[in-house]
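Please open the structure in your viewer and keep the selection tool ready. Each stop of this tour states what to select and what is to be found there.

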Amino acid sequence: MSRTISSWILSSARNSIVLQGKGRWHSICFPNRNKIKWKLVFSKTCPLPAGSCSLDGTFSLHRAFRHTSTEEHFSFQLSPAQINDILRAGELSHRTLDLNGKNANSVLRFESNQLASNSPMEDRRSAATCLQTAGMMFGVFDGHAGAACAQAVSERLLHYIAVSLMSRQSLEEIELAVEAMKPVQPILQWHRHPNDVEYQEITSQYFENLRVYWQHLLDLDTEPGLSLEEAMICAFKRLDSDISLEVQAPQENELMRNIALQVAFSGATACVAHIDGVHLHVANTGDCRAVLGVREEDGTWSTLPLTRDHNAYDEFEIRRLKREHPRSEEKTLFVNDRLLGILMPSRAFGDVQLKWSKELQHSILENSCDVEALNIYQYVPPNYHTPPYLTAEPEVTYHKLRSKDKFLVIASDGLWEMLSNEKVVKLVAGHLTELSMQKTPLTFKKPINLGYMHNLLLQRKSKGLASLDQNTATHLIRHAIGSNEYGEVDPEKLAAMLTLPEDLARMYRDDITVTVVYFNSETIEEHYRSH
């Protein structure tokens, strides 16, 4: 496959409007500006996202596959195998089994994948089994203005939730072990992709702040402890508070200081699911989304959304913000469908530019070393009078699982911009059917001859079963970026979307992160029988 790239892509590059700021050039491109969460504005700093120089082990396209828009004529040459290599590079899957090789868990397995648009990728994901308490947790984190905040939240939030759920006795045992400098029993068993990275340099500080949090929980002296909804809300808010305080605390280590700055001045939305038996809780801050796939008794599939997007299109969010700020600011809270004309989501971690006072922002940045080198935005929007305008407090939804609830899809908005809730459930359900067909052994009519077997194999090949994605998250990403107007994957469009120049890719698609959790219907049915 070799063609000159579509004219609509090149014309978009030519139609970019270039504006001159003080000492920097700002290119504001309009083909799909709503895909960019942080709107670029005039400033003295380079309009690159904070954290863009931080560690990132996610898969990126080789230069052979990527171009810049300054090349007037270039072609994309990707074989089907190369396309699969790119799409499948971030695949992660895990099947839950007990010590006897059986599955008594309500989670049967999960499959996850990521595809970058930004360079480096700003999305993150987490999956872990709780060791001190019951249940499993799955999180998707969509960063903006850089990857730093999403990276920190993906490493820390599940620990904060797990600690919030632990009994007083368990917290006391951990605290005594730390005081005695003895090994601490692990709180989580992580399920990670080999390319998932950690801020190794700052792990010890993260642990110390987590310890301060569990000491706070011990001081509360409450029994029986927090409910799951309370624990998730408390964990979200406490982590966001710690992110804000860490950057204000004196720090002699320059690297740790710089990481704290990048984390606080970038941002991330988050969606976390906690599953314990038939009890499903989803905590959401921002515009990631969780959707349940339900198979009805008549065999049809229905969709049950478990989150709502926190943005300017949500009436509840508009009313909430109007309640929290003076009437004189009603017309300036959302400008061009953005919070203060700046940010797409109305809830997020980090983003201290929309939470701190002007004086605090100025004080922190003035006393920092070289914020321009860290690519940190130095900008206070107009009509910034009564901060904070942004919160990390999540909405928590509870759902009691039924045997007809078959799977949960959690994804960043890069998926939902391309596919509706209903389309996603339909694709997952259809993919399950195709996979079951693939596993069905060939049935032969006797007598068997080579011609007959050849025809059976050709029939399978024509249905695409031979090259079927084994990971459902990959199947969703393939359809999200490669589907035509008929809902079918167009190989040429798919190749074009994967070879878009780095400076154009973000205009046509966002980073995409998808996790699909499959439920064990037998375990769920057994729960209702025994109760």
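**Before selecting anything**

The model is predicted, so to speak of a local feature a pLDDT of at least 70 is required, side-chain atom pairs count only at pLDDT 80 or more, and totals for chains, interfaces and linings use all residues. Residues are numbered from 1 along each chain as its sequence is written, and side-chain values use heavy atoms, with hydrogens and water left out.

**Stop 1: the whole chain**

Helices (H or I, at least four residues) and strands (E, at least two) are DSSP runs, numbered from the N terminus. Of its 531 residues, 52% count as buried; buried means under 20% relative accessible area, exposed over 50%, and partly exposed in between, with a 1.4 Å probe and protein chains only. The chain exposes about 24800 Å², and carbon and sulfur atoms supply 52% of that area. Accessible areas come from the Shrake-Rupley method with a 1.4 Å probe, and for residues only the protein chains shown count as cover. Among contacts (heavy atoms within 4.5 Å) with a separation of 6 or more, 75% are between residues 24 or more positions apart.

**Stop 2: the open sheet**

Now select β5, β6, β19, β18, β12 and β13. In this order they form an open sheet of 6 strands with antiparallel pairing. Strands β5 (92-95) and β13 (301-305) stand at the edges with a single partner strand each, so one side of each has no neighbour in the sheet. From one strand to the next, the twist averages 15°; axes are lines fitted to C-alpha atoms, for helices over the stretch in contact, and angles run from 0 to 180 degrees between N-to-C directions. Two strands pair if DSSP finds at least two bridges between them. Strands of a sheet pair through backbone hydrogen bonds, either parallel or antiparallel.

**Stop 3: strand β19 and its partners**

Select residues 512-519, which make up β19 and are joined to β6 by 8 bridges. Along this pair, Gln114 stands opposite Thr513, Arg109 stands opposite Tyr518, and Leu115 has Ile512 as its bridge partner.

Which residues point each way from β19? Ile512, Val514, Val516 and Tyr518 point one way, Thr513, Thr515, Val517 and Phe519 point the other way, and all are buried. In a regular strand the side chains alternate between the two faces of the sheet. With 8 of its 8 residues buried, β19 is largely enclosed by the rest of the structure. In β6, 8 of the 9 residues are buried, so that strand is also largely enclosed.

**Stop 4: helix α2**

Select residues 80-88, helix α2, and colour Ile83, Asn84, Ile86 and Leu87, which are buried. They lie on the same side of α2 because they cover an arc of only 165° around the axis; the arc is that of the directions from the helix axis to the C-beta atoms. What covers these buried residues includes β6 (107-115), α13 (472-482) and α14 (491-498).

**Stop 5: the nonpolar cores**

Select Leu157, Ile161, Val163, Phe265 and Phe349, which touch the most other members of the largest nonpolar core, a group of 57 residues. Helix α3 (residues 148-165) gives the most to this core, with 11 residues. A second, separate core of 34 residues includes Leu494, Leu498, Leu504 and Met507. A nonpolar core is a set of buried Ala, Val, Leu, Ile, Met, Phe, Trp, Tyr and Cys residues joined through side-chain atoms within 4.5 Å.

**Stop 6: individual residues**

Select Leu435 in helix α11 (residues 421-439). Leu435 is buried, with a relative accessible area of 8%, and touches Leu468, Asp469 and Gln470, not counting residues up to four places away in sequence.

Turn next to the backbone. The peptide bond from Ser119 to Pro120 is cis, with omega near 5°, and Pro120 is found in the loop between β6 and β7 (123-130). Finally, select Ala145, which has a positive phi of about 60° although it is not a glycine. Ala145 lies in the loop between β8 (136-144) and α3.
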